[in-house]
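Please read this note with the sequence and the coordinates open beside you.

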Amino acid sequence: MHQVTDFTIMGGIVAEQVDLDHFDRRIIAIIRRNNLEPARTIAAQVGLSESAVLRRLRRLRATGVIMADVAVIDPARLAPSITIHVLVELNQSGLRMEQDFAARLADREEVIGAWNVTGRTDFLLTVTVPSIEAYQRFSDEVLAADDNVRDFETLVTLREIVRPDYLRSGHPL
């Protein structure tokens, strides 16, 4: 049986870490690439029965190891968009001020990623907008209008070099 072994702070929430054996890790590696892979195909690849794979997948979902089953959409095929990274410095960076700012970010659909970081910058944002004018509206409404934002730096993405993959180095399976 798999046991909870440790706790990790993620996004201000204490997340339980789950012991994973080599079968779990192989299953995860397969579904990371294609979460629609049939259980019978996964079973053949990892050397388990189809029912054992289905039980493991249910447990991985129930314990939060598998957080969501999503489709990765190519935004360029939907509509023109610009990806912008924003470095944000706050005037006051106490817990309450950071939580308030983070809550405002969570309400904005333009923000597709946000991290509270160390160093001179307090937050790193990834924002996707259809135009520079849309970014100007976002920055006026969210950043310039916030009295606690001391400064922000806008970095416009020219091209994507490496697609985000959170299980690259540093996150072993």
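This is a predicted model: local features need pLDDT of at least 70, side-chain atom pairs count only at pLDDT 80 or more; totals for chains, interfaces and linings use all residues.

1. Side-chain atom pairs count here only at pLDDT 80 or more.

2. Helix H1, which spans residues 22-33, packs against helix H2, residues 39-46, at an angle of about 130°, and the two axes lie 10 Å apart. Angles over 145 degrees would count as roughly antiparallel and those from 65 to 115 as roughly perpendicular, so H1 and H2 are described as oblique to each other. The crossing of H1 and H2 is right-handed.

3. On the H1 side, the contact is made by Phe23, Arg26, Ile27, Ile30 and Ile31, while H2 contributes Ile42, Gln45 and Val46. Sorted by class, the residues in this contact of H1 with H2 are six nonpolar, one polar and one charged.

4. Turning to charged side chains, the count of salt bridges comes to nine, with a side-chain nitrogen of Lys or Arg required within 4 Å of a carboxyl oxygen of Asp or Glu. One of them joins arginine 59 to aspartate 24, with the closest N and O atoms 2.7 Å apart. Because arginine 59 lies in helix H3 (residues 50-62) and aspartate 24 in helix H1, this pair ties together parts that are 35 residues apart in sequence. Both partners, arginine 59 and aspartate 24, are buried.

5. A second salt bridge to inspect is that of glutamate 89 with arginine 120, whose side chains meet at 2.3 Å, N to O. This pair links distant parts of the chain, since glutamate 89 belongs to strand S3 (residues 82-90) and arginine 120 to the loop between strand S4 (111-116) and strand S5 (123-129), 31 residues apart. Glutamate 89 has a relative accessible area of 9% and is therefore buried, the cut-off being under 20%. Arginine 120, by contrast, is exposed, because its relative accessible area of 57% is over the 50% limit.

6. Glutamate 110 and arginine 108 also meet through their side chains in a salt bridge, at 2.8 Å from N to O. With a relative accessibility of 16%, glutamate 110 counts as buried.

Note on methods:
Residues are numbered from 1 along each chain as its sequence is written. Side-chain values use heavy atoms; hydrogens and water are left out. Axes are lines fitted to C-alpha atoms, for helices over the stretch in contact, and angles run from 0 to 180 degrees between N-to-C directions. Helices (H or I, at least four residues) and strands (E, at least two) are DSSP runs, numbered from the N terminus. Angles under 35 degrees count as roughly parallel, over 145 as roughly antiparallel, 65 to 115 as roughly perpendicular and the rest as oblique. A crossing is left-handed if the near helix is turned anticlockwise from the far one by less than a right angle, and right-handed if clockwise. Contact means heavy atoms within 4.5 Å. Ala, Val, Leu, Ile, Met, Phe, Trp, Tyr, Cys and Pro count as nonpolar, Asp, Glu, Lys and Arg as charged, and the others, Gly among them, as polar. Buried means under 20% relative accessible area, exposed over 50%, partly exposed in between (1.4 Å probe, protein chains only).
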